[in-house]
Amino acid sequence: MNNDLMTITVKENRQDTADCHTLIFTRPDGFIFTPGECADLSFPDSEMNFKTFSFSSSPTEVDLMVTYRDGWTDYKLRLAKLDRGDEMKMRIYGNTFNYHPEHHAVFIAGGIGITPFRSMLKFIWDNMRSEKKDKTNSGNNNQIDLIYLNNTEEFVFKEDLDEIKQIISNLNIHYIVTQKEGRLTREKLEKLVKFRSDSINYISGPPGMVDATVEILESMKIENIRIKTDSFDGYVEN
Ligand SMILES: Cc1cc2nc3c(=O)[nH]c(=O)nc-3n(C[C@H](O)[C@H](O)[C@H](O)COP(=O)(O)OP(=O)(O)OC[C@H]3O[C@@H](n4cnc5c(N)ncnc54)[C@H](O)[C@@H]3O)c2cc1C
């Protein structure tokens with residue numbers, strides 16, 4: 001079913017911050033995905049015009065969510081107008097950004113790049129809660145460091161992340177307001193994170209931010225197999 005073009009119905013087009021919205025869709029029956037996975041979305045009358053979005057919801061949640069930064073293309077102007085009951089077409093893009101719980105994880109998000117990490121962290125949180133209830137333990141208690149860079153203090157999903165932090169004790173969150181504190185540098189990163197030889201580094205955000213962060217990690221002699229990226233092509237600036 002996942003290779004087909006699916007029709008998904010909007011439940012809500014929720015404003016999260018001054019310039020970000022979350023589209024909440026009814027999840028099609030039997031639709032399965034993994035945290036970090038993306039989908040291509042288009043409008044029913046213009047099926048050629050697909051754009052890619054990471055799911056911001058976790059597979060453990062009832063609804064399907066994507067979160068987008070408002071824009072000015074015809075596509076974004078149409079997204080902004082979507083309302084309850086409207087439909088979109090969805091085609092699965094796949095997952096090249098999956099989380100490996102058996103390793104220390106360094107998540108580095110640039111602005112809207114938080115979307116796959118929100119999905120992963122909510123997934124881990126929900127699994128931990130059910131393990132607590134069932135008194136089971138998957139043994140995946142590895143440290144997670146989230147570095148979340150944003151231009152302003154308005155961090156999308158901050159409330160969710162702070163709530164998740166209450167349960168995932170091995171999660172550290174470092175919020176960085178780049179307008180005040182400047183961009184990420186090697187020095188800052190090394191101060192914030194205690195890297196291990198087995199750490200896996202995940203970077204998600206606009207291409208400029210992703211490329212600059214990869215350069216920092218490479219300058220630290222981190223092997224390429226330990227660097228995973230989700231580059232949000234389409235955002236031209238950092
Ligand atoms: C694997 C993958 C995952 C992705 N996941 C996401 C996701 O979860 N969320 C998401 O939002 N996008 C995601 N994207 C990017 C998405 O596919 C679009 O490319 C992106 O949202 C840009 O949309 P747009 O082309 O309609 O342009 P717009 O959003 O309209 O922007 C076009 C350009 O104009 C700039 N711009 C927009 N508004 C203004 C303004 N008012 N003034 C000045 N400049 C402006 C933008 O910064 C951008 O550079 C992902 C892309 C990939 C490849």
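1. Start with the β-α-β unit. In this predicted model, strand E8, helix H3 and strand E9 form a right-handed β-α-β unit. The helix, H3, covers residues 158-167.

2. Look next at how E8 and E9 sit together. They pair in the parallel sense, over seven bridges. E9 spans residues 171-177. To find one of the pairs, go to Asn-150: its bridge partner in E9 is Val-177.

3. E8 also pairs with strand E7, residues 105-110. Six bridges join E7 and E8, and the two run parallel. Here Ala-105 has Ile-144 of E8 as its bridge partner.

4. Is E8 covered or open? It is mostly covered. The strand runs from residue 144 to 150, and seven of its seven residues are buried.

5. Check the side chains of E8 as well. Ile-144, Leu-146, Tyr-148 and Asn-150 point one way. Asp-145, Ile-147 and Leu-149 point the other way. Residues on both sides are buried, Asp-145 and Asn-150 among them. In a regular strand, side chains alternate between the two faces of the sheet.

6. Now step back to the whole chain. The domain assignment gives domain 1 as residues 6-94 and domain 2 as residues 105-231. Their centres, taken over C-alpha atoms, are 23 Å apart.

7. Finally, the contact between the domains. Domain 1 gives 16 residues to the contact and domain 2 gives twelve. On the domain 1 side, strands E1 (6-17) and E5 (64-69) are the elements that each give two or more residues. That side of domain 1 divides into five nonpolar, eight polar and three charged residues.

Technical notes
Residues are numbered from 1 along each chain as its sequence is written. This is a predicted model: local features need pLDDT of at least 70, side-chain atom pairs count only at pLDDT 80 or more; totals for chains, interfaces and linings use all residues. A residue is buried if 20 or more other C-beta atoms lie within 10 Å of its own, exposed if 12 or fewer, and partly exposed in between; C-beta atoms are placed from the backbone. Helices (H or I, at least four residues) and strands (E, at least two) are DSSP runs, numbered from the N terminus. Two strands pair if DSSP finds at least two bridges between them. A crossover is right-handed if, with the strands pointing away from the viewer, the path from the first strand over the helix to the second runs clockwise. Domain bounds come from an automatic or database domain assignment. Two residues are in contact if their C-beta atoms, placed from the backbone, lie within 7 Å. Ala, Val, Leu, Ile, Met, Phe, Trp, Tyr, Cys and Pro count as nonpolar, Asp, Glu, Lys and Arg as charged, and the others, Gly among them, as polar.
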